[in-house]
Amino acid sequence: MSSSYETCTKEKVISYEQRLFIKTALRRIGINSNNNGFILFQKAIIYAYKKDMITINLEEIYKYLGKKNSQPHKTIESIIRYSFYNVNIKKLSTNYEKIFGLEFSMEFFSIRTLIEDFIDILESMEA
């Protein structure tokens, strides 16, 4: 017997344009595209978006990526953190508002808030 709630629990589908936006925006905010963290950041954003996370659960994201990449989740966390903390600050402060329409504040900037901001834009691209 099928449930009337099935449509609510399906994963979202991410379009080519949304994937391209993620990749381009990560470059524009200064995340180095030559390291593994860049790819893992993309995957983390896509996973959170597909799962329709209202509250970003970084631990769940790291565990999922760890399983998918056959690595301990602590290694995944370390790689993403390295990319995040080595972002080009000049590019970040210059382009953040242009991309997300939000004033950049280093005080509130974190991996979690960055993923949340990406999800907001991806959801606006759905329509």
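At the start of α4, a side-chain oxygen of N57 comes to within 3.2 Å of the backbone nitrogen of E59. Helices here are DSSP runs of H or I with at least four residues, numbered from the N terminus. This is a predicted model, in which local features need pLDDT of at least 70 and side-chain atom pairs count only at pLDDT 80 or more, while totals for chains, interfaces and linings use all residues. Residues are numbered from 1 along each chain as its sequence is written, and side-chain values use heavy atoms, with hydrogens and water left out.

Let's follow α4 along. L58, I61, Y62, L65 and G66 are buried (under 20% relative accessible area with a 1.4 Å probe, protein chains only; exposed means over 50%). These residues cover an arc of only 130° around the axis, so they sit on the same side of α4; the arc is taken from the directions from the helix axis to the C-beta atoms. An α-helix has 3.6 residues a turn, so residues three or four places apart point the same way. The cover over the buried residues of α4 includes α3, α5 (73-85) and α7 (111-124), while the face turned away from the buried side carries the exposed K67 and K68. Just after α4, S70 takes a positive phi of about 50°.

Now for the largest pocket. It is lined by 14 residues, of which R19, Q42, K43, I46 and K50 lie nearest its centre. The elements giving two or more residues to this lining are α2 (16-28), α3 (36-50) and α4 (58-68), and α3 gives the most, with five residues.

Conventions. 1 Å grid on protein atoms, 1.4 Å probe; cavity = no way out; pocket = protein on both sides within 12 Å on 5 of 7 lines; lining within 4 Å. Contact = heavy atoms within 4.5 Å. Polar contact = N/O pair within 3.5 Å; in protein donor to acceptor, adjacent residues only side chain to side chain.
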